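Trainee: Could we go through this model together? I would like to start with the overall architecture and then look at individual residues.

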Amino acid sequence: MNITFKKSDVKLKLVQKLYIWSLIFEPLLYFLKASGGLSTGIPISVSRVLQILVILYMVFVSRDLNNHLKSKKTLPFFLPKYFLYYFIIALCSTIFGFIIFDSYQFDNFDSKTIIPFFKKPITRVILDLFLFLYYYFYFIVLSRIVFNSYNTLNYFLNYFFKVLYFIIFIGYIDYFLAFFQFDLISRHIGEITDVGTRWHSILGEPRDAFVFLIYGIFMCLVNGYLNNKNYTKTIFVLMLSIVFTQSLSGVLGIFIGLGLIFFFFLLKKKKSAFIIFFISLIIVLLITKLFPYSNRIMLYISSFSSLIDILESGVKLPYLLAVQASNFYPLWGMYVDFINFNFYPIFFGSGISSSSFYNFNMLGEFMNSNAQITRVVFETGLFGFLFYLLFFISPAVRLINYFTLSKRNKLLISFFLVMGCSLSHRTLIPFILYGILLAFLRFKHRYKFS
């Protein structure tokens, strides 16, 4: 197969379709065999099977990947400065974590505990570094090769929205049946975990659904503006679905996103920053008014209100806090470093995967933080977190700047909400979105932005 960059529309090859479907299936976590990762730490999913097929084809069949890698013109793409800065910080902090800060030591280790091979310090760190580079390569680098024509991008958009409508349809059937104690869709395929009367469709847990729904709203806005389509009704249904997820991590993601929006506009010295600030206050007030209607969220709020006192006293965590401990224990560890004047981990982190080892020492078992912001800040520090954000927002800002002011503000707000939700809950959507935004930028001459 010959995949080259062409301005004209071409017929899609099978490998391009497989790649596009791997992007579509990645957030559909119902199709994930979570139990397959108990021994290795790497669960199996439909998307990962498709990814393997695409990689095998690219490596053993197509010569275009090698030609693309050898092209000097593409070198800056492989080393964007913010990605490079983040990776250098992550690598240096990992090395220092091994030789200086003991980030990967086991405290009070029980010799009878069997640690899976892929969760041992060296192998876990190497695997996580590899996975980060792999996600960058697969979702971003390969997107430049696969999305080689306007027709390819349209193929993705066509089936993305068809799948989105199916997700909404089957999600509401499942949500309706949940009121009659009938669980149509479990959390993951092959499992019987019931998430209760909360909207989640085939997206995994409600918190997974929350991030995807925000992502769906952003895609509706972008595609609507670029292709002159009206998604008002779809966006309304997506917003309604967000409320029905009753996801506390999603709400935290909204708060993080609003904070990012405010600081972005403030740094750009735009008067809109103050408008955004007041709009954010209104949104926060509306969200807090909805809290009493969710017993689950009120229980979490009640539990977290005494979190600081519990951590300072060292008493055993109550159940609701214990199940979320992996998300806040590493941040508490950074606070302890701060009061002990140990500033290096705060600015540059403790190393890749160090948060799971810290949780092991605190909880007695390996637990990766579900909150991506916890992992990024603890493992690469505040500077790493800054470059992480700058890396992911760069293509969005480039594309959004082509729109008129009113559209630009709506797109920026929805995009930063996607980033905020992806920070509150770990997901690969930012990587997927980065590649899609590059494709939009590549064919921007086909659209009218005025």
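Trainee: What kind of model is it, and how many helices and strands does the protein have?

Mentor: The model is predicted. Its secondary structure consists of 20 helices and two strands.

Trainee: What share of the residues is buried?

Mentor: Of the 450 residues, 52% count as buried. The accessible surface is about 22100 Å², and carbon and sulfur atoms contribute 67% of that area.

Trainee: Let us turn to helix 18. What does it span between its end C-alpha atoms?

Mentor: Helix 18 covers residues 372–400 and spans only 25 Å between its end C-alpha atoms, whereas a straight helix of 29 residues would span 42 Å.

Trainee: Where does helix 18 bend, and by how much?

Mentor: The bend is at Gly381 and comes to about 120°.

Trainee: Is helix 18 enclosed or exposed?

Mentor: It is largely enclosed by the rest of the structure, because 22 of its 29 residues are buried.

Trainee: What about helix 17; which of its residues are buried?

Mentor: In helix 17, residues 354–363, the buried ones are Ser354, Ser355, Ser356, Phe357, Asn359 and Phe360. Their cover includes helix 6, helix 15 and helix 18. Just after helix 17 comes Gly364, with a positive phi of about 85°.

Trainee: Changing topic: how many aromatic pairs does the structure hold?

Mentor: There are 66 aromatic pairs. One of them is formed by Phe83 and Phe132, which are stacked at 5.5 Å centre to centre with 10° between the planes.

Trainee: Are Phe83 and Phe132 buried or exposed?

Mentor: Phe83 counts as buried because its relative accessibility is 6%. Phe132, at 15%, also counts as buried.

Trainee: What is the geometry of the pair formed by Phe264 and Phe265?

Mentor: The planes of Phe264 and Phe265 stand at 90° with ring centres 5.9 Å apart, so that pair is edge-to-face. Phe264 is buried at a relative accessible area of 13%, and Phe265 is buried at 0%.

Trainee: Which charged side chain lies over Tyr159, and which over Tyr150?

Mentor: Over the ring of Tyr159 sits the charged end of Lys162, 5.0 Å from the ring centre. For Tyr150, the residue over the face is Arg446, at 4.1 Å from the ring centre.

Trainee: On to the backbone. Where is Gln246, and what is its phi?

Mentor: Gln246 lies in the loop between helix 9 (232–245) and helix 10 (248–267). Although it is not a glycine, Gln246 has a positive phi of about 50°.

Trainee: And what is the phi of Phe341?

Mentor: Phe341 is likewise not a glycine, and its phi is positive at about 60°. The residue occupies the loop between helix 15 (325–339) and helix 16 (344–348). Phe341 counts as exposed because its relative accessibility is 65%.

Trainee: How does Phe106 sit in its loop?

Mentor: Phe106 is in the loop between helix 5 and helix 6. With a relative accessible area of 22%, Phe106 is partly exposed. Its C-alpha atom is 9.6 Å from that of Pro121, which is 15 residues away in sequence.

Trainee: Finally, what surrounds Cys220?

Mentor: Cys220 lies in helix 8 (residues 206–227) and is buried, with a relative accessible area of 2%. Leaving aside neighbours within four places in sequence, Cys220 is in contact with Phe161, Leu164, Tyr231, Thr234, Ile235 and Leu238. Thr234 is 14 residues from Cys220 along the chain, and their C-alpha atoms are separated by 7.9 Å.

Key. Residues are numbered from 1 along each chain as its sequence is written. This is a predicted model: local features need pLDDT of at least 70, side-chain atom pairs count only at pLDDT 80 or more; totals for chains, interfaces and linings use all residues. Side-chain values use heavy atoms; hydrogens and water are left out. Helices (H or I, at least four residues) and strands (E, at least two) are DSSP runs, numbered from the N terminus. Buried means under 20% relative accessible area, exposed over 50%, partly exposed in between (1.4 Å probe, protein chains only). Accessible areas come from the Shrake-Rupley method with a 1.4 Å probe; for residues, only the protein chains shown count as cover. The expected span of a helix is 1.5 Å times one less than its number of residues. The bend at a residue is the angle between axes fitted to the seven residues ending there and the seven starting there. Rings of Phe, Tyr and Trp (its six-membered ring) pair if their centres lie within 6.5 Å; planes under 30 degrees apart count as stacked, over 60 as edge-to-face and the rest as tilted. A charge sits over a ring if NZ of Lys or CZ of Arg is within 6 Å of the ring centre and within 35 degrees of the ring normal. Contact means heavy atoms within 4.5 Å.
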